[in-house]
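Reader: I am new to this structure. Please take a close look at one part, the place where the two chains meet.

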Amino acid sequence: MSDPTTLTLREAAAAIAQGRLRAEALVEACLDRVERLQPALNCFIRVTAEAARGNARAADMAVKAGHALGPLHGVPLAHKDMFYRAGEICSCGSKIRANFVPDHTATVLRRLDAAGGIDLGRLNMAEFALGPTGHNDHFGRCRNPWSGDRITGGSSSGSGAAVAAGLAFGALGSDTGGSVRLPAAACGVVGIKPTQGRVSRYGAMPLSHSLDCIGLLARAVGDCARLLSVIAGADDRDGMASRRAVPDYERGLHDAGSPGSLAGITIGVPDRYYYDGIDHEVADLLVRSRVVLEAQGAKIADVPVGDHGVISELAGAIMTAEGAALHLPWLRDRPQDYSEQVRARLLVGLGVSTTLYLQALQARSRLLDELLRETFTKCDVLHVPVLKRPVPTADETDVGGSTTMPRVLGEIVANTRPLNYLGLPGLVVPIGFTRNGLPQAMQLIARPFRESLLFRVGAAYEAGSGGHAERPRSLAASVI
Amino acid sequence: MIAHSHGGIDRATVEGRVADSGVRLTPQEVDAVVRSLARIQIAAAALLQSPLFDQTIEQFYRLLESDAADTADEIGR
């Protein structure tokens, strides 16, 4: 096999299970790429190479012995540095927790381990997952594999960069206001933010308990579907995790490319907010993506939505209030240990009144109900941009604690934050490139727990547009 | 330093709230907080006019679950 890191996650798992590829060889290939590309990308905080090698050898022995294999058997993964593993440092991208060693392991890590995934290490992230760009004053900025001067998106910056660059086949991220979807979009990979409660948060660093959601990034829609099938579902350790049965998210994806595979599905284009003020280049790519979906049999329709700009602000109020409450002891005693931007964002939460905070939470059911009745009765899936403009440079968004910082960051999360407030699932799929060579993406949104439908539409788009996400061309010269 | 009242947000109230938390802020930091709160307040004024009396917070989670149950078998999802 020429370069096994170019396979999709599902192809790699199949090759290992069929004895065509050794897990050890695949792990070595990924570690080799980590060694070569980490200096340029800065996407890892910690590489656990020896543990990964040991687990890969055990995986190969299990294949030889004919043992039953999990759906991720022998596949290298890496995860945002906010998922606890007992006895191992979990920095949360911060100085404050630089030496924090948890005494328990996150449910999502346990499930990935049980499915046979090989953990390569921990990935860079925004400090305490508070930041949509990829800046980190403590561990250094994570760089976009498509162009080092551009942002990766955040807060799961390392997850986006590592998956895009082929250092890992999939990665966990968290999404409180867009932190999975933004790096997926900016780095040109697929990202899923599931329905609120679909995935257990036990053992994951908290930021905002009302909005936090664990999600995934991978290079193909089917890969995300497989990973979500593994981590989703009820968890006795997390009372907020839904007890709803987990479907086989890969079911129905095999015929995604067949003609008319989206017949009977209506894709809705919101008549306001999500496309307001969009860059024309980005708009053109989104139009073309709808043409592909239409060619697969989907019907495209304009649909009404409410003013989701105000929803985004309410989400911000909830996130900062809950975040400030969690961080209060450190804000009092260790203010100097936060970066300027992160501290400034948390401080907003101290000013949110209890009444406003509770009313913002109370209004969620009404606003969700309105969207379900007035929009999702006219379409099955909403189609919206993630970013309304080409991926910005790091300098453009390096606004520290300046007075314009909340506005600039607010623009980046404008199209992602409403979903956290509404609790709905969102799938991000790459749709091409702007003239600056950076990827763009569409965000598909469905009713609660309709992740299967999102995967179906996303896979049909992939099939109709010539395949899954490309690997950054700029990396080729530096690696080969 | 910004005006006493900014977009309906009373600066003194914000200062008092922050002081109660025990966190020390510079006047510039208070300004930035007031500006962000003013934006949030405008959104809140637009969205939170209707009565919320029977809208409990857990109703949101019930709606997520019940909508999924109601529509699960549609178009082979």
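Author: What follows describes the interface of chain B and chain A. This is a predicted model, in which local features need pLDDT of at least 70 and side-chain atom pairs count only at pLDDT 80 or more, while totals for chains, interfaces and linings use all residues. Residues are numbered from 1 along each chain as its sequence is written, chains are lettered from A in the order in which they are written, and side-chain values use heavy atoms, with hydrogens and water left out.

On chain B, 38 residues are in contact with 51 residues of chain A, contact meaning heavy atoms within 4.5 Å. The two chains bury about 4100 Å² between them, 63% of it on carbon and sulfur atoms; this buried area is the accessible area (1.4 Å probe) that two parts lose on being put together, summed over both.

The rule finds four salt bridges across this interface, each a side-chain nitrogen of Lys or Arg within 4 Å of a carboxyl oxygen of Asp or Glu. A:Arg447 forms a salt bridge with B:Asp67, and their closest N and O atoms are 2.7 Å apart.

The side of chain B that touches chain A draws at least two residues from each of α1 (11-21), α2 (27-47) and α3 (57-71) of chain B. These helices are DSSP runs (H or I, at least four residues), numbered from the N terminus. By class, that side of chain B has 21 nonpolar, nine polar and eight charged residues. Here Ala, Val, Leu, Ile, Met, Phe, Trp, Tyr, Cys and Pro count as nonpolar, Asp, Glu, Lys and Arg as charged, and the others, Gly among them, as polar.
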